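Welcome! Please take a moment to look over the sequence and the model below, and then we can walk through some of the details together.

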Amino acid sequence: MNKWLMLLLAAAVAFPTGSQIARADQKAAAQLAEPSVMPYITLLDDFKLYASDKTKPDEVLGSIGAYQSVKLSPIESGRLLYITSMDKVPVETWLGKAWINLKEGAYKYGRLQKQEQTLNLLEPQTPLYDSRMKLTGYSLAPQQVQAIAFIDACDPFTPCRTSAKWHLIRTSWLGEQWIFSEHYAENYAGQPVEGMVPVARESEVYSQPFEKPLADEPKLAPQVLKPVAKYTRQSGMVPPSVWYQIETPHGLRWIHCVSEYGLGIEGLEQVDLGLDIPVPFYYYQTPSAFSSDPYKAAGEQPARTVQVIGKKGQWYFMVSEGTGKWINPSMEIASRLTGDFEQDAKLGVRLSNERLELTGSSIGFDIPYVENQPAEKLLAFTPQTVTASRVWNSPDGESWYYIHTWQGAKWVRP
């Protein structure tokens, strides 16, 4: 009896009650956030400063002028996700911590960055907003404007997939006004690209991303080229829009990356060689055996020599019938090896008696190719010395060795 009583007491100590859990959750929620994670808020009107969140008239400490960015004082961590819906927030001021009532004026979350820059607007009509970011009913045709400051469009702790900014500009007839746009030339400076990229199909050229294609300039033929820059825009849950800036006889132009390439296929090496594929093979739309491929549905291609113009890893890029396609000779040949030496010798397998030192990181494969192999068929080893009975050099120069194991024959790389 005493034994069971002791066990029950131990369980009571080990497992907290519901009220204990609730108190722990309340304590965690009440912990203040670190000052470094607190956002800025830009005030577009004058605001009163209050001594507390009650914001009573008799608690006014002073006021703070418009067009200032102030940092919020730390609040409970659990309330950060709802900060943009709060009406009364604490801010850091020369008076220390004070409160403002956001219902008393206009504001925008984010820090106002003062920066003089020239913007070349591209939209047919860019709306103008007044000092409180309210539509004026006026707009600007494509033209060059002078911006003096900007603020990010995204609010803190809020899902957002836009690079758009609010820009404060000078106008000659309405004074300082706000514009909100992603479509201006300076926004498309782009990022540098490592290596070359494939152009998989005939592509229209553009003076700027998201403009109409240039009807009086020739389309770009499928090829491998070195881009000048890359621009990517993500909007909502739709796939990203990817653009490459390229050199053409008419100057710098942009092309739109095909959607099948996701964020783009980069880092290609330009080659020009005839590649002998001694087995039937498939064309792939992307350099991945995991992708679903419309080219594969077109049917198996006969063994032959193909001309390739680009290389990425074990994948080669070629142009056939006006369309860029991917092939993988190593994967195709490896998948045709049967273990029958007479047949495999026709695909380059040779006899061997080479001694190999295997380590704890060595892995055995059913076929001499790594990608797309089922994990349950992989074989790990302890450090040991083995003798290979055959060797195969892939088209990429990798040497694979055929060894006999307690789970049958396997291919390994030393």
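Is Tyr 67 buried, partly exposed or exposed? With a relative accessibility of 28%, Tyr 67 counts as partly exposed; here buried means under 20% relative accessible area, exposed means over 50%, and partly exposed is in between (1.4 Å probe, protein chains only).

## About the model

This is a predicted model, in which local features need pLDDT of at least 70 and side-chain atom pairs count only at pLDDT 80 or more, while totals for chains, interfaces and linings use all residues. Residues are numbered from 1 along each chain as its sequence is written, and side-chain values use heavy atoms, with hydrogens and water left out.

## Loops and backbone angles

Tyr 67 sits in the loop between E3 and E4 (strands, E, are DSSP runs of at least two residues, numbered from the N terminus). Its phi is positive, about 60°, although Tyr 67 is not a glycine. Most residues other than glycine have a negative phi. The loop between strand E3 (60-64) and strand E4 (68-71) also holds Gly 65, which is partly exposed at 24% relative accessible area.

Thr 55 has a positive phi too, about 45°, and is not a glycine either. Thr 55 belongs to the loop between strand E2 (47-50) and E3, and at 11% relative accessibility Thr 55 counts as buried.

## Two cavities

Now for the inside: the structure holds two cavities of 30 Å³ or more. On a 1 Å grid over the protein atoms alone, a cavity is a set of points where a 1.4 Å probe fits but cannot get out, and lining residues have an atom within 4 Å of a point. Points are joined across faces, edges and corners, and a volume is the space filled by probe spheres set on them.

The largest cavity has about 110 Å³ of space. Its lining has 14 residues, with Pro 198, Val 199, Ala 200, Cys 257 and Val 258 nearest the centre. Strand E14 (197-199) and strand E18 (251-256) are the elements that give two or more residues to this lining, and E14 has the largest share, three residues. By class, the lining has ten nonpolar, three polar and one charged residues (Ala, Val, Leu, Ile, Met, Phe, Trp, Tyr, Cys and Pro count as nonpolar, Asp, Glu, Lys and Arg as charged, and the others, Gly among them, as polar). The second largest cavity has a volume of about 40 Å³, and its lining residues include Ala 200, Arg 201 and Val 258.

## Salt bridges

Side chains of opposite charge can pair when their charged atoms come close. The structure holds 14 salt bridges, each a side-chain nitrogen of Lys or Arg within 4 Å of a carboxyl oxygen of Asp or Glu. Arg 79 pairs with Glu 76, with the closest N and O atoms 3.3 Å apart. Arg 79 is partly exposed at 38% relative accessible area, and Glu 76 is partly exposed at 27% relative accessibility.

Another salt bridge joins Arg 170 and Glu 116 (3.0 Å, N to O). Arg 170 lies in strand E12 and Glu 116 in strand E8 (residues 113-120), so this pair ties together parts 54 residues apart in sequence. Glu 266 and Lys 230 also form a salt bridge, their closest N and O atoms being 2.8 Å apart. Glu 266 is in the loop between E18 and strand E19 (269-277) and Lys 230 in strand E16 (residues 229-233), so the pair ties together parts 36 residues apart in sequence. Lys 230 is buried, with a relative accessible area of 16%.

Definitions and conventions
On a 1 Å grid over the protein atoms alone, a cavity is a set of points where a 1.4 Å probe fits but cannot get out, and a pocket is an open set with protein on both sides within 12 Å along at least five of seven lines; lining residues have an atom within 4 Å of a point. Helices (H or I, at least four residues) and strands (E, at least two) are DSSP runs, numbered from the N terminus.
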